[in-house]
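This briefing is arranged by topic and is meant to be read beside the model. Please keep the sequence and the coordinates at hand.

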Amino acid sequence: MKIVFRLAWRNLWRQPRRTWLTTGAMIFANMLLVFMISLQFGMYSLMIDNALQVFTGHMQVQAPLYNDEKKMRQTVPNIVPLANAIREELQSDKVAARGWAFALASSDDRSFGIGIYGVEPEFENNVSNIPGLTSLGRYLGDNDAAEIVMGSVLARNLHVEVGDEITLMGSGVDGSFAAAVVNIVGIFDSGVTDIDRNIAEIPLGFFQDTFFMEGAGHQVVVFGDGLAAVPELKSRVQSVLPGDSDLVMLDWDALQPGLKQAIQADMSSAFFMYFVLVILVSFSVLNTQLMSVLERTREFGIVMALGLKPGKLGRLVILETAMMGLLGVVLGVAAGALVTAWFTTNGLAFPGMDEMAAKFNLPARMYPQINALTLLAGPITVFIFTMLASIYPAVRLHWQNPVDAMRVA
Amino acid sequence: MRLLRILFRLAWRNLWRNHRRTIIMLGAIGVGVWAMIFMTALTRGMVDQMIVDSIGVLPGHVQVHHPDYQDDPSISNRMLISADDISERLDTGAVKAWASRVRVPAIITSERESRGVTLLGVDPEAEREISFFDYDEVDGRFLTDVNDKGIVIGKKLAKTLETEVGKRVVLMSQDPDNEIADRGFRVVGLYTAKTKAVEEAYAYVGRRTAQTMLRIGDATSEVVFLGDDYRNVDPIYDVAVSAVGEGLSIRPWYDIDTYLGAMLGVMDGFVLVWVVVIFLALSFGLVNTLVMAVFERVREIGLMLALGMKPGSILGQIVIESMLLITFGLAIGNALAWATVVPLESGIDVSIVGDGMEMWGMSSMLYPKLYVSDMVLASSVVLLLGFLASLSPAWRASRYEPVEAITKV
């Protein structure tokens with residue numbers, strides 16, 4: 001067996017230039033794949049984290065159809081006790097109750113229709129990054145205070161600052177007229193214009209009073225330990241829901257169907273590109289191996305005449321390819337990991353990213369994510385296709401007649 | 001000239017000496033070039049669609065506003081220029097369509113719900129060319145003239161408000177003195193848009209009706225101009241400047257929606273990077289093929305040199321061989337791309353990931369667009385870089401020492 005290895009290795013270096021060029025193609029492709037896939041997955045997890053950390057959470061408890069219609073009367077009754085029960089069950093603070101209402105916010109000289117969240121000031125910072133993004137003033141404190149925090153664009157458009165008062169007008173859960181005067185205690189800046197322009201938060205207790213909620217709210221937001229644990233999370237939350245209620249549990253995918261699909265759409269176009277790259281490398285390997293078999297026709301004829309089975313020769317060719325492929329994987333992964341590692345610390349930015357970031361709630365720099373999957377998925381695919389490409393040159397040997405082969409000039 | 005013909009013939013025959021190698025290489029170049037153009041056509045189509053759709057919503061290639069409107073789109077930042085003033089001064093040469101509108105934030109209330117919307121006071125005739133929906137496909141009817149007393153809203157909004165054609169809604173906004181300006185409207189039509197977000201965003205009323213409700217006389221919020229091609233807005237820009245005069249902000253679309261403008265740049269960059277990456281993957285195989293072709297002909301090249309052929313001719317011969325190979329590969333690739341893209345130009349349905357595409361700002365149909373300029377770009381990059389890549393093996397071949405080369409085994 002050892003001799004076959006040695007033969008294969010020496011055969012490779014008969015034509016060092018050719019071998020390096022072919023391996024070079026693999027290294028190039030592998031490096032690119034490692035980098036691109038790491039970057040892609042880094043971006044996806046950022047997208048998911050960022051999108052879920054604003055308001056969505058890993059899952060929510062809501063009234064049926066609320067997610068689609070967002071009507072005031074589709075409530076979760078006794079929402080604070082429910083949230084407490086969920087906290088108890090999960091032994092986690094990453095649970096918060098919310099109400100949501102549409103209202104007209106008026107300052108002295110401007111009025112805008114905005115979305116108002118009623119939040120539990122004590123717990124909201126565990127499920128949302130908005131409290132942490134409150135850059136002017138402070139976040140909400142007392143659960144019953146007539147206080148409000150709002151987005152920076154909204155504050156600018158209303159011509160108000162921290163300390164000013166504004167009026168909220170809307171309709172209560174029963175359709176009656178609801179109004180309140182609130183004091184602006186903080187202004188947040190999420191970087192996403194749509195949120196900064198349209199959203200404000202008030203304490204849940206005050207929200208329930210103002211909109212005649214009678215203890216009800218609209219959603220309980222829950223964060224678990226990562227996306228993979230969501231099904232388990234759901235079943236544990238289910239056990240706490242009152243038996244006679246028709247409340248539904250929606251996971252992040254149902255709450256933000258666009259997110260997963262945006263990722264899928266992006267993935268499929270990326271995979272098309274990777275596939276083309278892999279195919280091109282396979283062509284290169286096919287070419288090289290076919291050449292290397294053809295130029296050895298005489299030699300092969302002689303050893304076959306001496307009694308070596310074509311199958312064994314075929315294995316030799318495959319072994320040569322495998323060696324070359326492995327070399328490509330090792331060097332490609334190493335080079336790819338180096339390049340990627342540099343970007344994981346320094347981040348990557350390209351022109352146009354700022355605008356994309358503002359639109360999709362992404363940071364202005366992307367950081368690739370290195371793990372076994374992102375490191376090896378691409379190179380292993382390249383390796384498999386390389387091996388496939390060596391089948392034709394290897395199988396060809398079976399059709400070779402030793403006598404004709406020896407006659408080849 | 002005669003020399004060139006001979007070199008050409010030599011190169012051609014050499015190419016087909018090892019037809020397998022040539023065919024594999026042609027296959028590789030063909031696939032590579034196909035992928036370059038196909039992917040480019042797909043991206044172009046995507047971005048085109050995205051921009052056309054967004055311009056259809058954000059409307060117009062060039063927009064005119066009060067200088068402060070962009071930051072604070074309220075009634076205070078209106079323009080005193082009336083539609084009649086503009087039509088008097090407008091040179092309609094390059095302008096396909098134009099419209100002047102009232103556009104302010106408002107609150108729409110049905111018996112059951114309230115929502116924030118953008119109120120558009122329009123001239124239905126002027127908007128026909130600009131609008132993102134077809135008037136004939138509106139459920140019910142679209143507005144008939146500037147004095148129409150009805151309102152047209154999106155289907156999704158109607159569902160949220162639990163209203164329908166024939167029912168009444170109330171619109172509420174502000175007049176220039178910050179007094180509440182409101183008015184009841186009968187819903188006369190429901191429009192369908194490509195995305196739900198758009199269907200929730202805009203409420204159309206007659207321009208004159210809106211001006212009366214807001215107590216602003218002849219004033220408007222924006223004037224939009226539409227030309228033939230979003231890539232070429234300069235002529236319309238000039239027309240707009242002469243029609244509206246000084247003191248207003250006149251901006252092309254890519255200044256208003258910086259995300260779209262940036263995307264256009266990002267995509268142009270992406271196309272070039274993609275073409276170069278594919279070429280690099282190809283180049284390994286290409287150089288390899290040439291190196292082999294030279295290597296197996298060392299003796300023959302030595303002989304030609306000994307017989308008095310100039311080194312330059314050897315160089316030329318190899319380069320011509322390479323260029324022939326590339327040209328054929330390009331022809332195959334371009335033909336393949338054309339054959340695959342043209343049947344798809346009527347649209348690829350990607351509605352499985354429709355919500356995701358919506359998140360990227362795209363619609364659920366993809367319309368690949370084959371631009372001759374992209375084909376030319378890809379082909380010239382391949383030709384140019386291919387030429388450079390073949391110089392090194394050709395150079396080496398032309399530098400052989402004749403005696404050494406002939407005696408080489």
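Is Leu65(A) buried or exposed? Leu65(A) is exposed, because 11 other C-beta atoms lie within 10 Å; a residue counts as buried if 20 or more other C-beta atoms lie within 10 Å of its own, exposed if 12 or fewer, and partly exposed in between, with C-beta atoms placed from the backbone. The model is predicted: local features need pLDDT of at least 70 and side-chain atom pairs count only at pLDDT 80 or more, while totals for chains, interfaces and linings use all residues. Residues are numbered from 1 along each chain as its sequence is written, and chains are lettered from A and ligands numbered from 1 in the order in which they are written.

**Loop residues and backbone angles**

- Leu65(A) sits in the loop between β1 (59-62) and α3 (66-69) of chain A; helices (H or I, at least four residues) and strands (E, at least two) are DSSP runs, numbered from the N terminus.
- The phi of Leu65(A) is near 70°, a positive value in a residue other than glycine.
- Most residues other than glycine have a negative phi.
- Glu162(B) also has a positive phi, near 55°, and belongs to the loop between α5 (155-161) and β6 (168-174) of chain B.
- With 13 other C-beta atoms within 10 Å, Glu162(B) is partly exposed.
- Ser239(A) occupies the loop between α9 (230-238) and β10 (248-251) of chain A and is exposed, with 9 other C-beta atoms within 10 Å.
- Although 150 residues separate Ser239(A) from Glu89(A) along the chain, their C-alpha atoms are 8.6 Å apart.

**Helix packing in chain A**

- Two packed helices are described by the angle between their axes and the distance between the axes.
- Helix α13 (residues 310-346) of chain A has 37 residues and should span 54 Å at 1.5 Å a residue; its end C-alpha atoms are 53 Å apart, in agreement. The expected span is 1.5 Å times one less than the number of residues.
- The axes of helix α2 (residues 16-56) of chain A and α13(A) come within 7 Å and cross at roughly 40°. Axes are lines fitted to C-alpha atoms, for helices over the stretch in contact, and angles run from 0 to 180 degrees between N-to-C directions.
- α2(A) and α13(A) are therefore oblique to each other, given that angles under 35 degrees count as roughly parallel, over 145 as roughly antiparallel, 65 to 115 as roughly perpendicular and the rest as oblique.
- The crossing of α2(A) past α13(A) is right-handed; a crossing is left-handed if the near helix is turned anticlockwise from the far one by less than a right angle, and right-handed if clockwise.
- α2(A) and helix α15 (residues 372-389) of chain A have axes that come within 7 Å and cross at roughly 145°, again in a right-handed crossing.
- Residues of α2(A), including Met26(A), Ala29(A), Leu33(A) and Phe41(A), meet residues of α15(A), among them Thr374(A), Gly378(A), Pro379(A) and Val382(A). Two residues are in contact if their C-beta atoms, placed from the backbone, lie within 7 Å.

**Nonpolar cores**

- The largest nonpolar core has 101 residues, and those with the most contacts inside it include Ala29(A), Leu280(A), Ile37(B) and Phe38(B). Such a core is a set of buried Ala, Val, Leu, Ile, Met, Phe, Trp, Tyr and Cys residues joined through C-beta atoms within 7 Å.
- Helix α2 (residues 19-57) of chain B contributes the largest share of this core, 20 residues.
- Another core, of 69 residues, lies apart from it, and Leu52(A), Ile79(A), Ala96(A) and Phe188(A) are among its members.
- Leaving aside neighbours within four places in sequence, Phe38(B) is in contact with Ala337(B), Thr340(B) and Val341(B).

**Contact between the chains**

- Chain A brings 52 residues to the contact and chain B 47 residues.
- On the side of chain A that touches chain B, α11(A) gives the most, with 23 residues.

**Two further residues**

- Ile187(A), in strand β7 (residues 177-188) of chain A, is buried, with 24 other C-beta atoms within 10 Å.
- The C-alpha atoms of Ile187(A) and Pro379(A) are separated by 48 Å.
- Ala306(B), in helix α11 (residues 298-306) of chain B, is partly exposed, with 13 other C-beta atoms within 10 Å.
- Leaving aside neighbours within four places in sequence, Ala306(B) is in contact with Pro402(B) and Ile406(B).
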